[in-house]
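This report concerns a helix and a pocket in one protein model. Please look at the sequence and structure first.

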Amino acid sequence: MTPIDEIKALIAQKELFIFDLDGTLFNTLGDLAPAVNYAMTQFGLHTHSNDDVRTFIGNGSMNLIRRAVAANFIPVASTRDMAKVAETLARENYSEEKIKEIHKVYSDSYWEHCTENTEPYEGVIELVQRIATNNRYGDCATSNGKHAGVKCVAMLTNKPVAPAQKILKKFSLENSFATYLCGDTTPERKPSPAGIFEILHQTGIAPEKAIMIGDDTPDVLAAKNAGIDCITLFEGFGKAENLLPLEPRYTAGHIKDFAEFI
(Lines give C-alpha, C1' and ligand atoms only; values in the text may rest on other atoms or scores of the structure.)
Protein backbone atom coordinates (compact mmCIF):
# COMPACT_ATOMS: atom_id res chain seq x y z
CA MET A 1 0.00 0.00 0.00
CA THR A 2 1.09 3.57 -0.64
CA PRO A 3 2.41 5.29 2.53
CA ILE A 4 -0.34 7.38 4.08
CA ASP A 5 1.79 10.55 3.98
CA GLU A 6 2.06 10.18 0.21
CA ILE A 7 -1.71 9.68 -0.09
CA LYS A 8 -2.27 12.74 2.10
CA ALA A 9 0.02 14.88 -0.08
CA LEU A 10 -1.75 13.65 -3.22
CA ILE A 11 -5.21 14.44 -1.85
CA ALA A 12 -4.12 17.94 -0.83
CA GLN A 13 -3.58 18.76 -4.52
CA LYS A 14 -7.08 17.69 -5.60
CA GLU A 15 -10.41 19.48 -5.82
CA LEU A 16 -12.62 16.85 -7.48
CA PHE A 17 -12.99 13.32 -6.11
CA ILE A 18 -14.69 10.90 -8.52
CA PHE A 19 -15.92 7.78 -6.75
CA ASP A 20 -17.00 4.42 -8.11
CA LEU A 21 -20.12 2.95 -6.45
CA ASP A 22 -20.03 -0.87 -6.13
CA GLY A 23 -17.19 -1.94 -3.87
CA THR A 24 -16.06 1.65 -3.31
CA LEU A 25 -18.89 3.68 -1.76
CA PHE A 26 -21.20 0.76 -1.02
CA ASN A 27 -20.94 -2.95 -0.35
CA THR A 28 -23.71 -4.07 -2.71
CA LEU A 29 -22.73 -7.72 -2.92
CA GLY A 30 -25.49 -8.82 -0.53
CA ASP A 31 -28.11 -7.72 -3.06
CA LEU A 32 -26.23 -8.38 -6.30
CA ALA A 33 -25.51 -12.05 -5.59
CA PRO A 34 -29.12 -13.08 -4.79
CA ALA A 35 -30.37 -11.34 -7.95
CA VAL A 36 -27.75 -13.09 -10.09
CA ASN A 37 -28.60 -16.44 -8.54
CA TYR A 38 -32.33 -15.90 -8.94
CA ALA A 39 -31.77 -15.34 -12.66
CA MET A 40 -29.58 -18.43 -12.87
CA THR A 41 -32.22 -20.66 -11.30
CA GLN A 42 -34.93 -19.34 -13.62
CA PHE A 43 -32.94 -20.61 -16.59
CA GLY A 44 -31.77 -23.94 -15.19
CA LEU A 45 -28.23 -22.78 -14.42
CA HIS A 46 -26.32 -23.37 -11.21
CA THR A 47 -25.93 -20.65 -8.60
CA HIS A 48 -22.71 -18.99 -7.44
CA SER A 49 -21.12 -18.07 -4.13
CA ASN A 50 -20.87 -14.43 -3.14
CA ASP A 51 -17.13 -14.55 -3.76
CA ASP A 52 -17.67 -15.83 -7.29
CA VAL A 53 -20.24 -13.12 -8.00
CA ARG A 54 -17.69 -10.62 -6.75
CA THR A 55 -15.37 -11.90 -9.49
CA PHE A 56 -18.07 -11.37 -12.12
CA ILE A 57 -18.62 -7.70 -11.20
CA GLY A 58 -17.10 -5.03 -13.43
CA ASN A 59 -17.84 -3.53 -16.87
CA GLY A 60 -21.60 -3.33 -16.35
CA SER A 61 -24.46 -5.66 -15.47
CA MET A 62 -24.67 -7.29 -18.91
CA ASN A 63 -21.11 -8.52 -18.47
CA LEU A 64 -21.99 -9.59 -14.93
CA ILE A 65 -24.63 -11.91 -16.39
CA ARG A 66 -22.40 -13.04 -19.26
CA ARG A 67 -19.76 -14.09 -16.75
CA ALA A 68 -22.27 -15.77 -14.44
CA VAL A 69 -23.67 -17.85 -17.31
CA ALA A 70 -20.24 -18.70 -18.70
CA ALA A 71 -19.08 -19.85 -15.24
CA ASN A 72 -21.45 -22.79 -15.64
CA PHE A 73 -19.04 -24.10 -18.28
CA ILE A 74 -15.57 -22.67 -17.54
CA PRO A 75 -13.63 -21.91 -14.33
CA VAL A 76 -14.69 -18.74 -12.52
CA ALA A 77 -11.21 -17.21 -12.85
CA SER A 78 -11.43 -17.54 -16.63
CA THR A 79 -14.52 -15.34 -16.77
CA ARG A 80 -12.40 -12.21 -16.40
CA ASP A 81 -11.32 -12.86 -19.99
CA MET A 82 -14.28 -11.53 -21.97
CA ALA A 83 -13.03 -13.09 -25.20
CA LYS A 84 -13.13 -16.49 -23.51
CA VAL A 85 -16.58 -15.70 -22.11
CA ALA A 86 -17.87 -14.80 -25.57
CA GLU A 87 -16.38 -17.98 -27.04
CA THR A 88 -17.98 -20.07 -24.30
CA LEU A 89 -21.41 -18.50 -24.68
CA ALA A 90 -21.33 -19.03 -28.45
CA ARG A 91 -20.26 -22.66 -28.04
CA GLU A 92 -23.04 -23.32 -25.54
CA ASN A 93 -25.64 -21.61 -27.76
CA TYR A 94 -26.31 -18.64 -25.49
CA SER A 95 -27.17 -15.97 -28.03
CA GLU A 96 -27.14 -12.27 -27.19
CA GLU A 97 -30.94 -12.38 -27.18
CA LYS A 98 -30.85 -15.15 -24.57
CA ILE A 99 -28.37 -13.23 -22.44
CA LYS A 100 -30.63 -10.17 -22.60
CA GLU A 101 -33.55 -12.33 -21.47
CA ILE A 102 -31.57 -13.58 -18.47
CA HIS A 103 -30.35 -10.04 -17.78
CA LYS A 104 -33.95 -8.77 -17.71
CA VAL A 105 -34.88 -11.31 -15.02
CA TYR A 106 -31.77 -10.33 -13.04
CA SER A 107 -32.46 -6.59 -13.42
CA ASP A 108 -36.08 -6.86 -12.29
CA SER A 109 -35.08 -8.87 -9.23
CA TYR A 110 -32.18 -6.57 -8.38
CA TRP A 111 -34.29 -3.42 -8.73
CA GLU A 112 -36.84 -4.82 -6.29
CA HIS A 113 -34.27 -5.79 -3.65
CA CYS A 114 -31.24 -3.54 -4.32
CA THR A 115 -31.32 -1.75 -0.95
CA GLU A 116 -32.15 -4.66 1.37
CA ASN A 117 -28.59 -5.78 2.19
CA THR A 118 -26.52 -2.94 0.73
CA GLU A 119 -24.49 -0.88 3.18
CA PRO A 120 -22.08 2.06 2.84
CA TYR A 121 -18.47 1.36 3.69
CA GLU A 122 -17.10 2.86 6.88
CA GLY A 123 -16.69 6.62 6.68
CA VAL A 124 -18.37 7.04 3.29
CA ILE A 125 -21.59 8.79 4.34
CA GLU A 126 -19.80 11.22 6.63
CA LEU A 127 -17.18 12.00 3.98
CA VAL A 128 -19.61 12.72 1.14
CA GLN A 129 -21.96 14.75 3.32
CA ARG A 130 -19.09 16.75 4.84
CA ILE A 131 -17.77 17.76 1.42
CA ALA A 132 -21.27 18.63 0.20
CA THR A 133 -21.89 20.77 3.31
CA ASN A 134 -18.56 22.57 3.03
CA ASN A 135 -19.08 23.39 -0.64
CA ARG A 136 -20.93 26.64 -0.06
CA TYR A 137 -20.84 27.54 -3.75
CA GLY A 138 -23.21 24.74 -4.67
CA ASP A 139 -21.18 23.24 -7.49
CA CYS A 140 -17.63 22.67 -8.64
CA ALA A 141 -17.44 25.26 -11.38
CA THR A 142 -14.47 27.48 -10.61
CA SER A 143 -15.59 30.55 -12.59
CA ASN A 144 -12.11 31.37 -13.89
CA GLY A 145 -10.52 30.29 -10.64
CA LYS A 146 -12.71 32.40 -8.38
CA HIS A 147 -13.59 29.40 -6.23
CA ALA A 148 -10.45 27.36 -6.80
CA GLY A 149 -9.67 25.02 -3.93
CA VAL A 150 -13.28 24.07 -3.22
CA LYS A 151 -13.52 20.30 -2.81
CA CYS A 152 -16.43 18.40 -4.29
CA VAL A 153 -17.43 14.86 -5.12
CA ALA A 154 -18.77 13.12 -8.20
CA MET A 155 -19.66 9.51 -8.92
CA LEU A 156 -18.97 7.41 -12.01
CA THR A 157 -20.44 3.92 -12.02
CA ASN A 158 -21.25 1.28 -14.60
CA LYS A 159 -24.39 0.44 -12.58
CA PRO A 160 -27.67 1.51 -14.25
CA VAL A 161 -29.08 4.79 -13.01
CA ALA A 162 -32.33 3.39 -11.52
CA PRO A 163 -30.78 1.19 -8.79
CA ALA A 164 -27.94 3.68 -8.26
CA GLN A 165 -30.42 6.45 -7.50
CA LYS A 166 -32.44 4.13 -5.27
CA ILE A 167 -29.34 3.36 -3.21
CA LEU A 168 -28.30 7.02 -2.97
CA LYS A 169 -31.80 8.01 -1.91
CA LYS A 170 -31.92 5.40 0.85
CA PHE A 171 -28.79 6.87 2.40
CA SER A 172 -29.77 10.53 1.74
CA LEU A 173 -26.92 11.12 -0.71
CA GLU A 174 -28.96 11.82 -3.84
CA ASN A 175 -28.17 15.56 -3.67
CA SER A 176 -24.64 15.35 -2.28
CA PHE A 177 -22.73 14.93 -5.55
CA ALA A 178 -21.79 17.72 -7.92
CA THR A 179 -22.77 15.26 -10.65
CA TYR A 180 -22.95 11.53 -11.19
CA LEU A 181 -23.00 9.36 -14.28
CA CYS A 182 -24.23 5.77 -14.49
CA GLY A 183 -23.91 2.92 -16.94
CA ASP A 184 -26.89 4.07 -18.98
CA THR A 185 -26.32 7.83 -18.63
CA THR A 186 -22.57 8.11 -19.25
CA PRO A 187 -21.31 8.59 -22.83
CA GLU A 188 -19.41 5.28 -22.52
CA ARG A 189 -18.88 2.86 -19.64
CA LYS A 190 -15.58 2.48 -17.85
CA PRO A 191 -12.82 1.65 -18.77
CA SER A 192 -13.58 4.29 -21.40
CA PRO A 193 -12.45 7.74 -20.20
CA ALA A 194 -15.57 9.36 -21.69
CA GLY A 195 -17.42 9.51 -18.35
CA ILE A 196 -14.48 11.18 -16.63
CA PHE A 197 -14.16 13.69 -19.45
CA GLU A 198 -17.87 14.52 -19.16
CA ILE A 199 -17.60 15.01 -15.38
CA LEU A 200 -14.59 17.29 -15.87
CA HIS A 201 -16.59 19.25 -18.45
CA GLN A 202 -19.63 19.57 -16.18
CA THR A 203 -17.62 20.66 -13.15
CA GLY A 204 -15.10 22.88 -14.94
CA ILE A 205 -12.21 21.31 -13.06
CA ALA A 206 -8.86 20.63 -14.73
CA PRO A 207 -7.69 17.00 -15.04
CA GLU A 208 -4.71 17.57 -12.77
CA LYS A 209 -7.08 18.65 -9.99
CA ALA A 210 -9.23 15.50 -10.26
CA ILE A 211 -8.76 11.99 -8.91
CA MET A 212 -10.60 8.70 -9.44
CA ILE A 213 -11.16 6.46 -6.43
CA GLY A 214 -12.20 2.91 -7.23
CA ASP A 215 -11.73 -0.74 -6.44
CA ASP A 216 -11.60 -2.59 -9.77
CA THR A 217 -9.89 -2.69 -13.16
CA PRO A 218 -12.46 -0.51 -15.01
CA ASP A 219 -11.81 2.32 -12.52
CA VAL A 220 -8.03 2.12 -12.80
CA LEU A 221 -8.10 1.92 -16.60
CA ALA A 222 -10.65 4.73 -16.98
CA ALA A 223 -8.41 7.00 -14.90
CA LYS A 224 -5.32 6.02 -16.88
CA ASN A 225 -7.15 6.53 -20.17
CA ALA A 226 -8.33 9.96 -19.01
CA GLY A 227 -4.88 10.97 -17.76
CA ILE A 228 -5.94 11.59 -14.16
CA ASP A 229 -4.62 10.16 -10.90
CA CYS A 230 -6.34 7.22 -9.21
CA ILE A 231 -6.34 5.67 -5.76
CA THR A 232 -6.93 1.94 -6.16
CA LEU A 233 -8.69 0.24 -3.26
CA PHE A 234 -7.72 -3.35 -2.45
CA GLU A 235 -10.53 -4.09 0.01
CA GLY A 236 -13.44 -3.64 -2.40
CA PHE A 237 -14.70 -6.03 -5.09
CA GLY A 238 -11.61 -6.07 -7.28
CA LYS A 239 -9.09 -8.82 -6.70
CA ALA A 240 -5.37 -8.29 -6.29
CA GLU A 241 -4.50 -10.72 -9.09
CA ASN A 242 -6.44 -8.52 -11.51
CA LEU A 243 -5.33 -5.16 -10.11
CA LEU A 244 -1.60 -5.67 -9.60
CA PRO A 245 -0.79 -6.26 -13.30
CA LEU A 246 -2.14 -2.75 -13.97
CA GLU A 247 0.64 -1.34 -11.78
CA PRO A 248 -1.55 1.16 -9.91
CA ARG A 249 0.52 4.07 -8.65
CA TYR A 250 -1.51 4.85 -5.53
CA THR A 251 -3.13 2.10 -3.47
CA ALA A 252 -5.01 1.87 -0.18
CA GLY A 253 -7.11 -0.60 1.75
CA HIS A 254 -10.32 1.40 1.62
CA ILE A 255 -11.71 4.92 1.95
CA LYS A 256 -11.65 4.80 5.74
CA ASP A 257 -7.85 4.77 5.57
CA PHE A 258 -7.66 8.30 4.14
CA ALA A 259 -11.14 9.87 4.48
CA GLU A 260 -9.95 12.30 7.15
CA PHE A 261 -7.58 13.93 4.66
CA ILE A 262 -10.23 14.79 2.06
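The model is predicted: local features need pLDDT of at least 70, side-chain atom pairs count only at pLDDT 80 or more, and totals for chains, interfaces and linings use all residues. Residues are numbered from 1 along each chain as its sequence is written, and side-chain values use heavy atoms, without hydrogens and water.

Among the buried residues of α10 are Thr217, Pro218 and Asp219. The buried residues pack against α9 (194–203), β6 (210–214), β7 (229–233) and α11 (240–243), with contact meaning heavy atoms within 4.5 Å. Gly227, which follows α10, has a positive phi near 75°.

The largest pocket has a volume of about 350 Å³. Of its 24 lining residues, Asp22, Gly60, Ser61, Asn158 and Lys159 are the closest to its centre. α4 (61–70), α6 (96–113) and α10 each give two or more residues to the lining, and α6 gives the most, with 5 residues. Because domain 1 (4–25 + 121–258) and domain 2 (29–113) both give residues to the lining, the largest pocket lies between them.

| Class in the lining of the largest pocket | Residues |
|---|---|
| nonpolar | 9 residues |
| polar | 8 residues |

A pocket is an open set of points on a 1 Å grid over the protein atoms alone, where a 1.4 Å probe fits, with protein on both sides within 12 Å along at least five of seven lines; lining residues have an atom within 4 Å of a point. Volume is the space filled by probe spheres set on the points, which are joined across faces, edges and corners. Ala, Val, Leu, Ile, Met, Phe, Trp, Tyr, Cys and Pro count as nonpolar, Asp, Glu, Lys and Arg as charged, and the others, Gly among them, as polar. Domain bounds come from an automatic or database domain assignment.

Notes. Buried means under 20% relative accessible area, exposed over 50%, partly exposed in between (1.4 Å probe, protein chains only). Helices (H or I, at least four residues) and strands (E, at least two) are DSSP runs, numbered from the N terminus.
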